[in-house]
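Here's a quick briefing to read with the model open beside you.

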Amino acid sequence: MSLSALLVAAACGSSSTGTGSGTGSSAPAVDFSKQGNIEYWQGKDSSGNLPKLIAQFNAQHPNGQVTFHELPDSADQQRQQMIQNTQIKNPAMSVISVDVVWTSEFAAKGYVVPLPADQFPTTGFLQSAVTGATYFNKLYAYPSTSDGGLLYYRKDLLDKYGITAPPTTFDEMKADCDKIKAGENNSKLDCFAGQYDKYEGLTVNFDEAVHSAGGVIVGDDGKPNVATPEAAKGLQTLADWFKNGDIPKAAVTWREENGRTAFEAGQLIFHRNWGYVYNLAQSDKDSVVKGKFDVAPLPGITGPGVSSLGGHNLAITTNGDNKGTAVDFVKFMASEEIQKSNTLATSQSPTLEKLYTDSDLVKKFPFMPTQLKSIQGAIPRPKAVEYGDVTLAIQDAAYGAIQTGAGGGTADATAALQGLQTKLQTLIK
Amino acid sequence: MATATAEPRVTTVKEDGHKHKKNALSDGQGRLAYILLAPTLLVILVVAGIPVVMSIRESFFQTNNGVDPTTGMVAGGERFVGLGNFTSIFAGTNPVQGSFGTHDRFVNAFLNTTAITIVCVILETILGVAMALIMSKAFRGRGLVRAGILVPWAIPTIVSALMWKLIFDADGVMNRIIGSQILWTADTGASFWAVVIADTWKTAPFIGLLTLAGLQTIPAEVYEAAKVDGATVWQQFTRITLPLVKPTLVVAVLFRTLDTLRMFDLPAGMIGFGKYRTETVSVFSYLEATQTRYGPAAAYAIVLFVYVLLIAFLFVKVLGADVIGDTGMPKKKKGKKGSGNDGKAPDAAAPGLEMMGGAH
């Protein structure tokens, strides 16, 4: 990128902020009745199912047609385009697919409007998904997909060494690994890995370790409280596992796909990843673990594991035209029938609780009940208006510690978390 | 004024039609030149001038980001902070751990940018000159070698960034070759060298090509005379090749220096964001902009802008980089007089140079 492009980017952003991008507090009552054509903005649709769903909606709604505006694959770029189009007040961008962690920022900065409670009932939806779409007791988005972490494990290896149940704690997992590794005598076989590159995935994995150890990042009072012995135990465990080599050192550069590739190549006994891996590991032609693996809830540090909450919600933008059609479209996309169709096509987890026991879905995705447990117990990542700063502060602290571990040193998790606590106190007030 | 304009007319009438014609034509051409250039100037003003001015204006503002504790809403809009965005660079409120110890994040990015530039440009210059020396030799398949050397330069940077990301993967080709597992893309000292290697690979051919153009302007007689006098190859290189190729080489190094100072794609695409050992000023500025902190982002971009200007100025003043091509022309013309056969080379080299600069 050239310097002038940077300057342009900075300048373009400014011109609209100067005029104010809409402050939620002074916004007049929103008209949720106007029908007309709208655009739906979402990241890349790899399943090809979305155009079908939109065609179905359009057939039922002659007064307002929906066009799919496809955004890049990367979450950062999606967020950036949504922010830029809010600032230029693009009326076409009407319904957007919001990552759960963006909810606070988009709501607080007035990018999206609160949804009318009478039209958007939340009964029957996963409680954690609804919480993820709520800001200051108002629902700003309607949950469309959810996600929780799962423990993928090599059932064939566990069976071979007489281990009857998947581990529920890291200690059990280590015991299982030691037994299997001693028997297999394969230097390429590693015990466990999640996502530890310095990016959003690290925040997810760090949060899970802290929560599973009984710690919190932000307490119930909304204040950061991460400099605790419990939280330190969570981070220390990850760093020590790197030091011991139970987590391969290369995993400090791994994102979802690197870990999935390693698991499918048979290099990992246990692997933490999202639901989307299930379908791929069963069907990829390179996967050597086809039919040899199963999924379980995440193991924890001192007890059962706690997942971080993932997923996307549908929100209606402040500047979008034709909010009547937008309301109809959001309701349509979150309806039971459409969620089921979407899950069957993409293996993304639905947000309606009853779908997890739906016979068609469970038949195709036997891990659905496990996924439900994972999501029900999930804790969202910290809610913050300046989430970008918060997640970077978390990544700074966590990455430093696990890199020390990967380098063969003993990380000082307590000191890292004290530094994090100081930073979070200035970011979350 | 009226008399002044009237006088030449009188002289033109006195003299033959030739002068009259010339004067009239030059007047018309001047106006015509303005008219013809106007669209270009307008475009430059719109695409370069206005954004720069807006950017400078933006750098004096900050977005309001206070959250109302009762409604949870952010006030929005922006406020004037004067030089606040610039002075906060020196306040050191955001310390990060980088290759050069713990510094403010901007200072760290600035040090990275400078270090990467110095190391890369030195390596690229050495390699580039070597490539040029090889390419200038007459041998079978020279065209193929030249084209081959240019391939890295032709690949878009973001594509080569992703390619090198695969090479530097924990299980990638590079680690297979060196036989040990170095985590190049983690936030370690190795990532700094990964960026240096990828950038050198990509842009040494650029210096090579420009130097080659310079080499071709050196008349063969000079070397023949040196051989007769018994100069060694090394003496020929240091006493003839380097001094004569210097004007071209300095321009090539200048272009590379300015370009490397605003490096973005390689660290961003290959190493990723938030890794302080390879975070450059461009990357940091971009990240601030994505956090909707446009004021500081603009301020950082402007500091970089000034830094680039300063380096360019130093190159022109101290090293005598001949960017525009004025001062080099007489020298090249001398060469033309000296040797009739090589006379075409200097003229051919100059436009080639400008094209490379312009294309970049």
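Counting over all chains, there are 31 salt bridges here, a salt bridge being a side-chain nitrogen of Lys or Arg within 4 Å of a carboxyl oxygen of Asp or Glu. Keep in mind that this is a predicted model: local features need pLDDT of at least 70, side-chain atom pairs count only at pLDDT 80 or more, and totals for chains, interfaces and linings use all residues. Residues are numbered from 1 along each chain as its sequence is written, chains are lettered from A and ligands numbered from 1 in the order in which they are written, and side-chain values use heavy atoms, with hydrogens and water left out.

**Salt bridges in chain A**

- Glu105(A) pairs with Arg79(A) in a salt bridge, and their closest N and O atoms are 3.1 Å apart.
- Since Glu105(A) sits in helix α4 (residues 103-108) of chain A and Arg79(A) in helix α3 (residues 75-87) of chain A, the pair ties together parts that are 26 residues apart in sequence. Helices here are DSSP runs (H or I, at least four residues), strands likewise (E, at least two), and both are numbered from the N terminus.
- Both Glu105(A) and Arg79(A) are buried; buried means under 20% relative accessible area, exposed over 50%, and partly exposed in between, with a 1.4 Å probe and protein chains only.
- Arg381(A) and Glu200(A) also form a salt bridge, at 2.8 Å from N to O.
- That one links distant parts of the chain, 181 residues apart: Arg381(A) is in the loop between α15 (368-376) and α16 of chain A, and Glu200(A) is in helix α8 of chain A.
- Are the two partners buried or exposed? Arg381(A) counts as buried at 7% relative accessibility, whereas Glu200(A) is partly exposed at 24%.

- Over in chain B, the side chains of Arg256(B) and Asp199(B) meet in a salt bridge, 3.5 Å from N to O.
- Arg256(B) belongs to helix α10 (residues 233-261) of chain B and Asp199(B) to helix α8 (residues 189-215) of chain B, so this pair ties together parts 57 residues apart in sequence.
- Arg256(B) is buried, with a relative accessible area of 2%, and Asp199(B) is buried too, at 5%.
- Salt bridges with shared partners join Glu124(B), Asp199(B), Arg256(B), Asp259(B) and Arg262(B) into one network.

**Helices in chain A**

- Helix α8 (residues 200-212) and helix α16 (residues 387-406) of chain A pack at about 70°, with their axes 9 Å apart. The axes are lines fitted to C-alpha atoms, for helices over the stretch in contact, and angles run from 0 to 180 degrees between N-to-C directions.
- α8(A) and α16(A) are therefore roughly perpendicular to each other. Angles of 65 to 115 degrees get that label, while under 35 is roughly parallel, over 145 roughly antiparallel and the rest oblique.
- On the α8(A) side the contact uses Glu200(A), Leu202(A), Thr203(A), Phe206(A) and Asp207(A), and on the α16(A) side Tyr387(A), Thr391(A), Ile394(A), Gln395(A), Ala398(A), Tyr399(A) and Ile402(A). Contact means heavy atoms within 4.5 Å.
- Also in helix α16 of chain A is Gly400(A), which is partly exposed with a relative accessible area of 36%.
- Nine of the eleven residues of helix α12 (residues 323-333) of chain A are buried, so this helix is largely enclosed by the rest of the structure. Among them are Phe329(A), Val330(A) and Phe332(A).
- Thr237(A), in helix α9 (residues 229-244) of chain A, is buried with a relative accessible area of 12%.
- Leaving out residues up to four places away in sequence, Thr237(A) touches Phe170(A) and Ile301(A).

**Domains of chain A**

- Chain A divides into domain 1 (38-147 + 310-379) and domain 2 (150-308 + 383-427), with bounds that come from an automatic or database domain assignment.
- The centres of domain 1 and domain 2 of chain A, taken over C-alpha atoms, are 28 Å apart.
- Where they meet, 20 residues of domain 1 of chain A are in contact with 18 residues of domain 2 of chain A.

**Positive phi in chain A**

- Lys89(A) is not a glycine, yet its phi is positive, at about 55°. Lys89(A) is placed in the loop between α3 and β3 (93-99) of chain A and counts as partly exposed at 43% relative accessibility.
- Ser347(A), another residue other than glycine, has a positive phi near 60°. Ser347(A) lies in the loop between α13 (336-346) and α14 (359-364) of chain A, and counts as buried at 3% relative accessibility.
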